[in-house]
Amino acid sequence: MLRHKSACAFALLVFQLCNINLFAAEEILKVQWEGLNDAFPDDFVTVPFHSTGYAITWSKKEFSVNNPPRYVTGYLAVLDDPNGLHFSLPSGGCGHRVKTSVTAEEHNCSYATNAGFFNMHNGDCMGNLVSESQQVQIIGSQRVNFGMISDQFVIGYINRTSLLSLPPFHELISGAAWLVRDSKSYVNTSRVREQVEDGFVMEKAPRTGLGLLPTGQVVALQVDGIENEKKGVDLYEFADCFSTLGVVHAVNLDGGGSSVSWAAGHGVVDHPTCGDTPTECERAVTSIMCMRPPTPLPRATPAS
């Protein structure tokens with residue numbers, strides 16, 4: 001996640017001023033997430049569930065991107081049964097930051113990545129969140145949502161009034177940028193619609209996202225990078241990576257130093273950079289994306 005970075009002097013007064021600037025930055029971010037609660041029209045799609053089995057497979061995959069031409073490393077998980085998708089929280093809930101690997105173990109996930117955005121200062125969750133049928137927070141937001149109602153996915157922009165009037169969500173999370181819509185890159189439109197900052201869109205960084213295949217399978221994709229060294233992908237390239245997989249829709253989740261992929265029996269399988277430097281380390285986050293079969297079945301296995 002992009003963090004507020006500030007060089008505070010040793011003097012107490014300057015330290016206090018830095019704290020004021022930090023809170024100001026957080027308030028701006030809060031407005032960006034919550035400021036348009038009911039001031040924007042709904043624009044979302046629904047996709048019926050279609051289970052192709054119970055398998056959860058993951059693999060390491062190289063992607064070719066073009067700005068500039070190079071290869072990046074991604075970690076791909078495919079979930080056959082949509083009912084196995086969850087947005088899970090640590091036992092302390094929002095405001096408690098825990099490593100993805102720890103929360104994944106706690107929830108018996110077969111495969112997991114980091115998921116929603118959060119306040120780097122106090123760990124508060126940002127955006128809408130429903131976890132395992134428990135409504136954590138519904139704030140409305142101009143940011144894209146990825147959710148599940150009854151037997152269908154709901155993806156797109158939903159204001160607070162509509163969120164509260166729709167049938168109950170089983171799972172719901174807010175992202176930042178609708179990457180792919182109807183099998184085409186949607187970054188040009190979503191960056192304007194969601195008021196996503198240019199720096200966030202164009203920065204080469206680790207990324208995490210979630211998408212749907214035409215077969216109804218759910219795909220999680222996480223691309224490695226090092227934010228401070230401008231390694232990774234920008235959102236246009238990330239959308240291209242999803243398009244290479246043939247997804248119909250894809251949403252960008254939290255990324256940067258928060259990005260991580262974990263598999264049961266294997267542990268962390270990517271190369272996370274919690275400090276945005278080459279040093280490998282796993283960042284403590286709030287929500288995670290958890291894949292697990294709806295009934296007790298074998299753990300996720302590497303794809304052959």
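Cys-281 has a relative accessible area of 23% and is therefore partly exposed; on this scale buried means under 20% relative accessible area, exposed over 50%, and partly exposed in between, with a 1.4 Å probe and protein chains only. The model is a predicted one, in which local features need pLDDT of at least 70 and side-chain atom pairs count only at pLDDT 80 or more, while totals for chains, interfaces and linings use all residues. Residues are numbered from 1 along each chain as its sequence is written, and side-chain values use heavy atoms, with hydrogens and water left out.

Cys-281 is joined to Cys-274 by a disulfide, S to S 2.0 Å, where a disulfide is a pair of cysteine sulfur atoms within 2.5 Å. The link of Cys-274 and Cys-281 is left-handed, with -100° about the S-S bond. Cys-274 is partly exposed because its relative accessible area is 21%.

How many disulfides does a search of the whole structure find? The search finds 3. Another of them is formed by Cys-94 and Cys-125, with sulfur atoms 1.9 Å apart, and this link is left-handed, at -100° about the S-S bond. It links distant parts of the chain, 31 residues apart: Cys-94 lies in the loop between strand E4 (85–88) and strand E5 (98–99), and Cys-125 in the loop between strand E6 (111–114) and strand E7 (129–131). Helices (H or I, at least four residues) and strands (E, at least two) are DSSP runs, numbered from the N terminus. Cys-94 is partly exposed, with a relative accessible area of 25%, whereas Cys-125 counts as buried at 11%.

Cys-109 and Cys-290 also form a disulfide, their sulfur atoms 2.1 Å apart. The torsion about their S-S bond is about -120°, so this disulfide is left-handed. The pair spans 181 residues and links distant parts of the chain, with Cys-109 in the loop between helix H2 (100–106) and E6, and Cys-290 in strand E20 (residues 288–291). Both Cys-109 and Cys-290 are buried. Cys-241 is buried as well, with a relative accessible area of 1%.

The aromatic residues come next. A pair of aromatic rings is described by the distance of the centres and the angle of the planes. The whole structure holds 7 aromatic pairs; rings of Phe, Tyr and Trp (its six-membered ring) pair if their centres lie within 6.5 Å, and planes under 30 degrees apart count as stacked, over 60 as edge-to-face and the rest as tilted. Trp-178 and Tyr-186 are edge-to-face, because their ring centres are 5.3 Å apart and their planes are at 65°. Both Trp-178 and Tyr-186 are buried. Elsewhere, ring pairs link Phe-49, Phe-146 and Phe-153 into a cluster.

Rings also take part in contacts with charged side chains. The charged end of Lys-61 sits over the ring of Phe-63, 5.6 Å from its centre; the criterion is NZ of Lys or CZ of Arg within 6 Å of the ring centre and within 35 degrees of the ring normal. The charged end of Arg-207 sits over the ring of Phe-200, 5.1 Å from its centre.

Strand E11 (residues 169–174) is mostly covered, with 5 of its 6 residues buried. E11 pairs with strand E9 (residues 145–149) in the antiparallel sense over 5 bridges; two strands pair if DSSP finds at least two bridges between them. Within E11, Glu-171 stands opposite Met-148. E11 also pairs with E7 in the antiparallel sense, over 2 bridges, and Leu-172 in E11 is the bridge partner of Val-130.

What lies in the interior? In soluble globular proteins, nonpolar side chains tend to be buried together. The largest nonpolar core has 34 residues, and Leu-85, Tyr-111, Phe-146, Leu-210, Met-289 and Met-291 touch the most other members. A core is a set of buried Ala, Val, Leu, Ile, Met, Phe, Trp, Tyr and Cys residues joined through side-chain atoms within 4.5 Å. Among the strands that each supply at least two residues of this core are E4, E9 and E20. A second, separate core of 27 residues includes Val-65, Val-196, Val-233 and Phe-242.

Met-291 touches residues including Ile-56, Leu-79, Cys-109, Tyr-111 and Val-218, not counting residues up to four places away in sequence; contact means heavy atoms within 4.5 Å. Across the chain, residues 24 or more positions apart account for 73% of the contacts with a separation of 6 or more. The chain has 6 helices and 21 strands, and buried residues make up 53% of its 304 residues.
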